[in-house]
Amino acid sequence: MKKSVFLGALTIAGLAAGVAAAGTLDDVKARGKLNCGVTTGLVGFAAPDANGEWKGFDVAVCRAVAAAVLNDPTAVEFVPTTGKTRFTALASGEIDLLARNTTWTFSRDVDLKFEFVGVNYYDGQGFMVPKSLGVSSAKELDGATVCIQTGTTTELNLADYFRKNNISYEPVPIETSAEGAQQYLAGACDTYTTDASGLASLRASFENPGDHVILPEIISKEPLAPLVRHGDNEWADVARWTLNALIAAEELGVTSANVNDMAAEAGNSPEINRLLGTEGNLGEMMGLDAKWAVRAIAAGGNYGEIFEKNIGENTPIGLARGLNAQWTDGGLLYAPPFR
Amino acid sequence: MSDTHAESVAYVRETAIPPAPAPVTEAGVVGWLRQNLFATWANAALTIAALYAIYLVLAATLPWVLGGVWTTDSLTECREVLQGRSAACFSVLTERWNQLIFGFKYPDEFYWRPSLAFVLLFLAAAPVLFFDLPRKLLLFTAVYPFLAYWLIWGGTIWAPVFAALGLVAGYVIFDRFGNQNFATGFLGGIAAALVVWILADYIVPLIASDDPLLPAVQSRDMGGFMLNMILGVVCVSLSLPFGIALALGRQSNMPLIRWISVVFIEFIRGVPLITLLFVANVVLAYFLPPGTSFDLILRVIIMITMFASAYIAEVIRGGLAALPKGQYEAADSLGLDYAQSMRLIILPQALKISIPGIVNVSVGLFKDTTLVSIITMFDLVGMIRGPILASSDWNGVYWELFGFASVLFFITCYGISQYSQWLERRLTTDHR
Amino acid sequence: MTALTDPQRESFRLSMLINDTRYRSLTFQAIALILVISLFAYLGSNLVRNLAAAGLNISYSFLEDPSGYDINQTLIPYTSRSSNLQAAWVGILNTLLVAVLGCITATVLGVIAGVLRLSKNWLVRKLMSVYVEIFRNIPVLIWILIIYGIMTVSLPAPSAFRGDNPTSSMLFNLFAFTNRGIYIPAPVWGPGSMIVVATFVASIIAVFAYRSYAKKLLFSTGRLLPTGWPSLAILLVPTILLFLVLGRPIGLDIPELKGFNFGGGIKVGAPLIALWFALSVYTGAFIAENVRAGILAVSKGQTEAAAALGLRPRRIMNLVILPQALRVIIPPLISQYLNITKNSSLAIAVGYADITATLGGITLNQTGRAIECVLLLMLFYLAISLSISVIMNIYNSKMKLKER
């Protein structure tokens with residue numbers, strides 16, 4: 001082994017000379033484009049529309065980071081990833097940021113060496129059943145056939161839940177959500193399980209959404225979080241605080257409509273001033289300019305606006321804020337202070 | 001003889017009986033039916049069973065296809081138009097036509113570029129496929145890859161120009177020295193090409209204009225049937241030289257070279273393409289120098305090319321083995337060295353008899369390009385399973401889309417295999 | 001002409017390495033060796049550096065950890081607490097299962113279609129060409145998806161069997177065809193059932209013994225014993241008699257609707273059926289072409305010669321045509337079997353738990369051990385195809401025409 005390493009080092013000595021371990025932030029700036037990993041298509045979170053534009057909640061996070069770093073919310077190259085490819089894509093540097101309904105777990109954080117930059121959606125795994133089945137609780141699903149989309153933590157939660165409650169089930173693994181819907185609607189499985197937000201998104205696309213109910217049990221905690229590589233703390237900080245800026249902006253009442261006015265001159269609220277760069281030098285500390293947060297917020301609005309636009313109650317997905325409300329409204333969103 | 005019995009026989013006919021028409025049961029439509037469909041009882045039973053099977057299939061599909069709706073914007077609208085009737089919503093094809101063909105990210109205003117490249121492909125392929133065409137057309141075939149690259153990917157024209165120049169330089173050197181000593185010419189040619197390419201690496205960024213004639217399109221933006229075509233054409237053409245090299249390597253009398261070729265070929269042929277695509281997708285990145293990353297499409301092209309060259313190598317090996325030993329001995333007795341005998345005597349014949357096999361491998365490979373949908377590339381099948389079926393407009397339109405994909409692949413592959421059969425017939429007559 | 005003298009023995013010069021045929025092959029091999037070694041060293045060092053940079057390592061200990069997921073179709077005991085290795089074994093067995101089933105049905109389909117393509121009946125001939133061309137020219141992935149889709153949509157859900165007025169009913173009250181799979185009765189082995197099974201096995205041996213005796217008698221004395229009916233009788237009568245005498249020791253566990261699903265019996269899952277069927281009809285089309293080519297490869301003179309000897313058409317086929325055609329058919333047939341095994345990796349598209357879906361799918365996703373999983377996956381397929389190649393080579397060398 002040692003010998004081959006030596007030989008290999010010899011062969012590439014010339015080639016690799018230029019590849020110093022530059023930080024991701026510098027790479028992204030030099031490239032002028034942010035490579036952002038998203039799902040291959042989950043309406044509301046990340047999916048290309050009829051014109052091929054990526055739209056959705058996760059997409060908005062990518063655009064905000066691109067706006068903050070590159071001053072252009074469209075300077076994003078969206079890389080569709082599956083459950084299988086997402087971690088390699090991030091680890092190998094193919095993407096700079098992964099915003100793909102990825103659950104923050106211990107082993108992913110510690111064993112796979114990734115850095116989760118904060119939760120952008122608090123989710124949990126639920127079940128959807130046809131109304132005609134007459135089931136009102138997941139505990140009544142003994143012996144049921146369950147459709148699951150593979151490549152997520154869903155399979156593990158499902159196994160744990162049924163094992164814990166000592167009931168049996170038959171899993172039907174499904175590759176894409178469209179095929180899951182086909183199986184479920186044809187009655188090839190009694191129930192479909194995935195994150196509750198995904199269920200709502202799927203149900204919205206059915207011919208008769210009213211014929212299906214989402215069971216009250218939420219069987220897991222799914223904090224969905226954008227993540228970056230371990231060990232590049234500057235870049236992690238940029239991603240983390242861009243997300244926090246979106247959350248804080250909602251709390252402080254900064255919206256895409258008024259952000260430019262508010263940023264024009266320092267106002268009365270010192271926290272807003274620091275956030276929008278009219279006071280202090282928070283942007284500089286991160287290696288960005290003072291207006292980074294202004295651009296991030298202007299790109300797609302604050303957290304609340306992004307939520308309402310993509311998955312809120314007025315969209316076909318129709319999700320309530322629930323756990324994803326600001327802490328002041330009884331939710332879990334709690335951005336650390338900008339100071 | 002004829003009059004020997006004239007006296008003893010009462011009547012001798014003196015003219016031939018005019019030929020009577022065949023019995024009605026043996027000629028015309030009826031005769032044909034009897035001979036071909038109802039020759040025996042068992043045969044008749046088979047015919048009736050076959051007719052019934054055809055009826056079943058047509059009864060199920062024809063009304064569905066003929067009653068199809070072509071002009072709505074979503075499945076919901078289509079269902080309203082149909083009002084509970086069971087018929088196809090072909091409008092998904094018209095509405096998403098561009099996405100199915102070009103993927104969802106190729107800029108609409110440039111659709112003419114891949115289309116033109118596609119049309120030119122026929123022109124470029126023609127002299128290779130049909131020997132009767134004037135040989136001068138091969139010049140266009142040689143230019144085509146660079147032209148097609150420029151058309152589809154766009155960007156500065158100098159990149160493909162220098163790539164071509166490198167090959168030309170390599171060929172010139174080879175032509176100059178290869179006659180005396182193949183090895184010198186070969187290695188010199190490679191060196192010359194490399195020199196040009198390395199130079200180009202410095203020159204191209206300098207002379208490339210910021211506003212090229214054809215704006216660049218990222219290879220990530222390729223999709224739809226176009227991606228299948230790109231992968232199929234590129235990988236088959238790239239795998240031919242590698243396949244020939246591997247086949248020769250496997251026949252070589254240098255043990256080391258032979259073993260390398262055998263291990264490579266058997267390894268690649270022993271694993272399914274999907275695992276190689278997994279390698280391209282999730283593993284290959286770990287084997288590249290840190291900090292480099294190249295396109296998924298390029299990684300996939302590398303893997304599929306490796307895959308195809310192993311199969312093509314086996315086909316060509318078959319061709320080499322099928323040549324009579326006398327050809328090898330004749331070449332040797334003329335005093336030709338290895339390179340000359342291969343280039344002038346063996347390969348032209350061996351390749352000619354391997355063409356049908358190569359075409360079969362190519363068809364198989366072209367069909368296998370659909371597997372890239374499993375590793376999140378949006379080829380035709382990937383577009384259908386991903387963005388189109390996941391969109392809320394068209395969630396639930398399966399048969400129309402998969403039917404369309406089947407028809408597209410059938411037309412292409414059937415066309416190629418008909419060509420291969422025509423060629424096979426032609427080549428057999430040539431040999432007898 | 002003077003006597004030739006040996007040319008002066010040249011001293012070794014560096015240029016001889018490339019110009020002298022004696023040394024040239026050594027030069028090339030050395031270059032190749034250096035290239036290969038440096039390529040591997042290059043890749044290896046990149047791997048080491050990448051892993052070090054990401055703080056990862058190569059370790060197979062994850063195989064011992066509990067997998068944490070359930071699999072719906074297993075041939076060996078498996079729960080979500082079993083190890084990842086056990087999950088991989090489940091996958092391997094499932095791959096082999098679908099491959100073996102696929103090989104059998106594809107051969108049957110292919111032989112029928114291939115023979116029918118040479119039928120005298122025009123309609124049947126054309127119909128078979130249509131079958132062969134349609135299946136050969138459309139990617140197998142599309143076929144798998146279409147067939148799975150057709151199964152899901154056209155077969156009834158288990159709920160259709162429920163209620164007072166079910167829209168579907170079971171076939172013969174034994175088989176239930178649902179879009180989750182086909183439920184068939186399972187045998188229940190009561191006491192004494194082993195005797196019945198043993199008798200049946202003995203009967204099979206007896207049939208072969210009888211047939212070889214009849215053949216021997218035919219060759220030595222020319223007496224032709226009937227083989228058809230006696231064989232059938234030997235095969236079935238003792239077993240059935242014993243079965244009745246022992247009081248029907250083998251019962252049937254008939255599937256019935258319980259709760260959400262059918263319970264009892266054996267379930268053959270829809271993904272397995274879809275994959276099996278798709279692989280069979282797809283590969284069957286290729287095998288049909290091989291069979292047709294094999295039969296056509298036997299020259300017409302052989303048929304005529306056999307006919308001239310006075311053999312009947314059936315015997316011409318069995319004794320003259322088929323043995324010669326098989327020599328042509330079997331090598332491509334075996335590579336089609338190899339293709340079935342490799343194409344079974346597309347199970348991932350329909351959720352059948354083969355090795356690609358367990359080890360290369362869920363385990364890879366959950367553990368993130370991409371390199372290890374893909375490596376093991378490739379090794380498995382390599383082992384399978386190398387063993388099939390070995391069998392093929394043995395067969396080829398055995399069947400080779402003995403040429404002088």
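Two residues count as in contact if their C-beta atoms, placed from the backbone, lie within 7 Å. By this criterion, 37 residues of chain A are in contact with 39 residues of chain C. The model is a predicted one, in which local features need pLDDT of at least 70 and side-chain atom pairs count only at pLDDT 80 or more, while totals for chains, interfaces and linings use all residues. Residues are numbered from 1 along each chain as its sequence is written, and chains are lettered from A and ligands numbered from 1 in the order in which they are written.

On the side of chain A that touches chain C, helix H1 (2-12) of chain A gives the largest share, seven residues. Helices (H or I, at least four residues) and strands (E, at least two) are DSSP runs, numbered from the N terminus. By class, this side has 16 nonpolar, 13 polar and eight charged residues; Ala, Val, Leu, Ile, Met, Phe, Trp, Tyr, Cys and Pro count as nonpolar, Asp, Glu, Lys and Arg as charged, and the others, Gly among them, as polar.

Chain B meets chain C too: 43 residues of chain B are in contact with 47 of chain C. Among the contributing elements of chain B are helix H9 (182-207) and helix H17 (399-431), and H17(B) provides the largest share, eight residues. This side of chain B divides into 32 nonpolar, ten polar and one charged residue.

Turning to H9(B), its buried residues (20 or more other C-beta atoms within 10 Å of the residue's own, with C-beta atoms placed from the backbone) include B:Gly185, B:Ala192 and B:Val196. Helix H8 (158-177) of chain B is part of what covers the buried residues of H9(B).

Note on methods
Buried ≥ 20, exposed ≤ 12 C-beta atoms within 10 Å, placed from the backbone.
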